[in-house]
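Please keep the sequence and the structure in view while reading.

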Amino acid sequence: MPSDFGSRVQAQAKEIIEAGASYDYILDVLNKRYFGTPLIGRILLASLGPGSISNSSGIHVQVCGPAGSGKSEAAKKLAALVHPKYRLVANVTPQALFYPIESFVDGSVVFIDDIVWKDDLGNSVKKITGMFQDGAERVVTTDGIGKRQISKKRLTFWSTSVDNQADEQMRDRQFLVECDSSIAGKKKISDSILARASGKISVKADDDFETAVCHALFMELRSWFGEVVIPFSKDIKFGGGNRALMMFLDLIGSFAVFARSNRQFDEDLRLEANEDDYKRAKALYDDLGGHSAYKLTEAETRLLDALEEFGRVANKRQIQQITGLSLGRIGDILNGNGKNSHGLFYKCPYLSKDESVRPYNIVLSEDYQHS
């Protein structure tokens, strides 16, 4: 690398920070390297802001999509832009997050790829996300001696899976975003890959420089820790539940932290979010379709739509005729994929089985209304 590489990185980062454009710069770099669904990168990046906010409950993200849809790619590409000090990209056991891990610090992002939600892992993640600011505590016994273990503080979790099969409490703490697995979406990705391979999309020679700038921006993001206030919060009209409202307010705070150099502090040295932060949070929240503990994936919605088309009573073979999904896939959606996972029978209170016939029917109650 040139001898002035470090000084150029710092100069570029300083210019971006002073303009309040850290979020936009990192997202722009990500979009040059990730060809999939842009919304995924937007929410993953926004989820990182609360790690610097003392009055945030945290934002966590689950990316869903069928095999081969590229659901892991955005998280991997963005994780590479997070300073290595603040990322843990690994297969994680339920207990590992409570043990000391070398170079694992408060405010880190934890990426769990292809997670199969089971009670043990789900409970560990639930405890940690539920104690976002302080870290979760547990007591273990070794050789007859009890020992207290505390997880790191303000951990942000990214996870990927085919379906959203965490239990209700965990779903309530995450934004769900899906890969565009349509024919058009897949073609867009393949076209971009082929164009880059042919040289029609240039691969920038300064990728290392951009990565280093992103690392510097993230270090600056974590150099501050404090309270964010929204002076106009009483004027916000919000129709969702309280948990959804808290997550929306955390989105506003996240955008404020990313643009901290362009924001004001009140007399108590609290960072004040402004109207631009609200607008950006609202645009992202609306594009995500809001937040709900019961938010369904595209495949789950297709299955329920098929049931409605059959008069709300059908067996798996009949559902297959409309959805084109395999019988095994339909079973995974209904019952969950893996021991103790939570499928649509668990998630949807309007769904039940009629086992008086063979094969059994899936019944959708009249109370269910397609949104």
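The sections below cover the basis of the model, ring pairs, a helix, charges over rings and cysteines.

## Basis

The model is predicted, with local features needing pLDDT of at least 70 and side-chain atom pairs counting only at pLDDT 80 or more, while totals for chains, interfaces and linings use all residues. Residues are numbered from 1 along each chain as its sequence is written, and side-chain values use heavy atoms, leaving out hydrogens and water.

## Aromatic pairs

There are twelve aromatic pairs in the structure. Rings of Phe, Tyr and Trp (its six-membered ring) pair if their centres lie within 6.5 Å; planes under 30 degrees apart count as stacked, over 60 as edge-to-face and the rest as tilted. One of the pairs is Phe175 with Tyr285, edge-to-face at 6.1 Å centre to centre and 80° between the planes. Phe175 belongs to strand β7 (residues 174-178) and Tyr285 to helix α10 (residues 275-287), so this pair ties together parts 110 residues apart in sequence. Helices (H or I, at least four residues) and strands (E, at least two) are DSSP runs, numbered from the N terminus.

Tyr285 also forms an edge-to-face pair with Phe248, at 5.4 Å centre to centre and 65° between the planes. Because Phe248 lies in helix α9 (residues 242-258) and Tyr285 in helix α10, the pair ties together parts 37 residues apart in sequence. Ring pairs link Phe175, Phe232, Phe238, Phe248, Tyr278 and Tyr285 into a cluster. Phe248 counts as buried at 3% relative accessibility, and Tyr285 is buried at 10%. Buried means under 20% relative accessible area, exposed over 50%, and partly exposed in between (1.4 Å probe, protein chains only).

## Helix α10

Which residues of α10 are buried? They are Asp277, Ala281, Leu284 and Tyr285. Seen down the axis of α10, these fall within an arc of 100°, so they line one face of the helix; the arc is that of the directions from the helix axis to the C-beta atoms. An α-helix has 3.6 residues a turn, so residues three or four places apart point the same way.

## Charges over rings

The charged end of Arg154 sits over the ring of Phe225, 4.1 Å from its centre. Lys353 lies over the face of Tyr360, 5.0 Å from the ring centre. The criterion is NZ of Lys or CZ of Arg within 6 Å of the ring centre and within 35 degrees of the ring normal.

## Cysteines

The structure holds zero disulfides (pairs of cysteine sulfur atoms within 2.5 Å). For Cys179, the nearest cysteine sulfur is that of Cys64, 8.6 Å away. Cys179 is buried, with a relative accessible area of 7%, and Cys214 is buried at 0%.
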